[in-house]
2 protein chains.
Amino acid sequence: MVQSSKKIQVVPEPTIRRMPSYLAFAEGLLRKGQQFVSSTQIANYMNIDPTQVTKDLSYTAIVGKTRVGYEVKALVEVLSEFLGFTVMDNAFLVGAGSLGSALLHDSGLSHFGLNIVAAFDVNSSTIGKKINDIEVFHIDQFRDLSQEMNVIMGIITVPAENAQTVADLMVAWGIKAIWNFTPARIKVPDDIIVQNTTLYSNLAIIFNKLHNDRKETR
Amino acid sequence: MVQSSKKIQVVPEPTIRRMPSYLAFAEGLLRKGQQFVSSTQIANYMNIDPTQVTKDLSYTAIVGKTRVGYEVKALVEVLSEFLGFTVMDNAFLVGAGSLGSALLHDSGLSHFGLNIVAAFDVNSSTIGKKINDIEVFHIDQFRDLSQEMNVIMGIITVPAENAQTVADLMVAWGIKAIWNFTPARIKVPDDIIVQNTTLYSNLAIIFNKLHNDRKETR
DNA sequence: TTTCATTAAAGAAAAATTCCTTTAATGATT
DNA sequence: AATCATTAAAGGAATTTTTCTTTAATGAAA
């Protein structure tokens, strides 16, 4: 099934969530020198159904060979491309606290297509310093630098109560997508993309499972 | 995405994912002095359906009052309790790199019931140092310290290719739950709880939405 | 060559989740 | 006191996502 010239197909979010793990697995196999990988192998690694894998991969351009599987090298390329990891996008980060500076340090982000070009804060102790070669400015500065620098994403790592204020600023800056690391939900115009990533949600899920297990004993 | 085989999960995972945001909202209202909050208000804040909110909250002990809503103070207490944020659990963290040290710095975790008691690494430059008062040991040390210190959770923030090795160690340590921040999927015995939190998945979702928007243009 | 077993792919069925509708309750308004 | 409007809650419909089933292809083995 040719995809490129066809209409846009909405890819289920769970599918996109699984894909980076497929990619990580395929990259590992590539390092080991394995040429082909079957959906069964991937499914086994992921602890999911093999048809889930083939269905997920059917959204990409890759075609598997019967009785052989997918070519590992092609899989890595196709997934990287599909997930948008091969194109560099520029981002601003607001809130250079613990989580914020961690992201600034994380070279993984640049490896996956995200280039943080500047950070902002209100805390005078960090302003003017450089974290991993990324300068930290006061939030009031560079009001319209985003368009100038072709920055399309804003990362929010401030305390939850300041999230909306920062989001409003980012929208005013002309930013297209916001990656919100606070548990607060922000209100933005419809054409702005928002991705909420709340670490504490994951914590809640673990605690819930721990609790259930403790109770159920099975 | 979640566990294989039989999972006895009474509360839907999406529900648990939303709850920390309900909590953040309620905490904000509490600070402002608002006494009651309706499902409509919460839904409006979250950009979801009001019935979704009532259904989610029906899993907890709280009961709303018709035409009034939920008592904010009670909501904060009930949600904190329900999400397991009121009981302290001890954790080990392995991989004191950028993301790892960020988590060590994050006071939010201890606020939400997680107490990181020690960190481990193989990089000699960090070993022996303290990050936010948490000592970093070599991975070979303290093989069975976890039981001694009543540590039930292990946090993996190493490179993806080392995730499985670390997971095996943690299982040997007698750990009950693993919070895996790598895109690699780890294999552990059935009774061990695994929560995968891959930042790059969220990045992939944003890129996907940005791409679709670029193409659509309608 | 022929048979067999494994695989991708497509479509159907099942399960999970979200959204919609109805009902009853009750504070606010007249 | 009577009416109105808003709300929580419950049940069911619609949608989304996952799992199951079937089919066809083909490399490997006999």
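## Contact between the two protein chains

The contact takes 66 residues from chain B and 63 residues from chain A, where contact means heavy atoms within 4.5 Å. This is a predicted model, in which local features need pLDDT of at least 70, side-chain atom pairs count only at pLDDT 80 or more, and totals for chains, interfaces and linings use all residues. Residues are numbered from 1 along each chain as its sequence is written, chains are lettered from A and ligands numbered from 1 in the order in which they are written, and side-chain values use heavy atoms, with hydrogens and water left out.

The size of an interface is often given as the accessible area lost when the parts come together. Between chain B and chain A, about 6300 Å² is buried, and carbon and sulfur atoms give 64% of that area. Buried area here is the accessible area (1.4 Å probe) that two parts lose on being put together, summed over both.

## Polar links and contributing elements

Two salt bridges are counted between chain B and chain A; a salt bridge is a side-chain nitrogen of Lys or Arg within 4 Å of a carboxyl oxygen of Asp or Glu. One of them joins the side chains of Arg31(A) and Glu161(B), at 4.0 Å from N to O. Between chain B and chain A there are also 16 residue pairs in polar contact, both residues at pLDDT 80 or more. A polar contact is a pair of N or O atoms within 3.5 Å; within protein, one must be able to donate a hydrogen and the other to accept it, and residues adjacent in sequence count only if both atoms are side-chain atoms.

On the side of chain B that touches chain A, the elements giving two or more residues include helix 1, helix 2 (39–46), helix 5 (98–105), strand 7 (151–156) and helix 9 (199–216) of chain B. Helices (H or I, at least four residues) and strands (E, at least two) are DSSP runs, numbered from the N terminus. Helix 9 of chain B gives the most to this side, with 16 residues. By class, the side of chain B that touches chain A has 34 nonpolar, 17 polar and 15 charged residues. Ala, Val, Leu, Ile, Met, Phe, Trp, Tyr, Cys and Pro count as nonpolar, Asp, Glu, Lys and Arg as charged, and the others, Gly among them, as polar.

## Buried positions

Six of the eight residues of helix 5 of chain B are buried, so the helix is mostly covered. Buried means under 20% relative accessible area, exposed over 50%, and partly exposed in between (1.4 Å probe, protein chains only). The buried residues of helix 5 of chain B are Leu99(B), Gly100(B), Ser101(B), Ala102(B), Leu103(B) and Leu104(B).

In chain A, Asn90(A) lies in strand 3 (residues 89–94) and is buried, with a relative accessible area of 18%. A polar atom of the Asn90(A) side chain is 3.2 Å from the backbone oxygen of Met149(A). Beyond its neighbours within four places in sequence, Asn90(A) is in contact with residues including Asn115(A), Val117(A), Met149(A) and Val151(A). Val151(A) belongs to strand 7 (residues 151–156) of chain A and is buried, at a relative accessible area of 4%.

## DNA strand C

There are 23 residues around DNA strand C, of which Ser39(A), Thr66(A), Arg67(A), Tyr70(A) and Thr66(B) come nearest. A residue is near a molecule or strand if one of its heavy atoms lies within 4 Å of it. Sugar or phosphate supplies 60% of the atoms of DNA strand C within 4 Å of the protein, and bases supply the rest.

A polar side-chain atom of Lys55(A) lies 3.0 Å from a base oxygen of DNA strand C. Phosphate oxygens of DNA strand C lie 2.9 Å from a polar side-chain atom of Tyr70(A) and 3.3 Å from one of Asp49(B). The largest share of the surface near DNA strand C, three residues, comes from helix 3 of chain B. This surface divides into six nonpolar, 10 polar and seven charged residues.

## DNA strand D

DNA strand D is surrounded by 22 residues, the closest being Arg18(A), Thr66(A), Ser39(B), Lys55(B) and Arg67(B). Of the atoms of DNA strand D that come within 4 Å of the protein, 57% belong to sugar and phosphate.

A base oxygen of DNA strand D is 2.8 Å from a polar side-chain atom of Lys55(B). Phosphate oxygens of DNA strand D lie 3.0 Å from a polar backbone atom of Gly64(B) and 2.9 Å from an N or O atom in the side chain of Tyr70(B). Helix 3 of chain A gives the largest share of the surface near DNA strand D, three residues.
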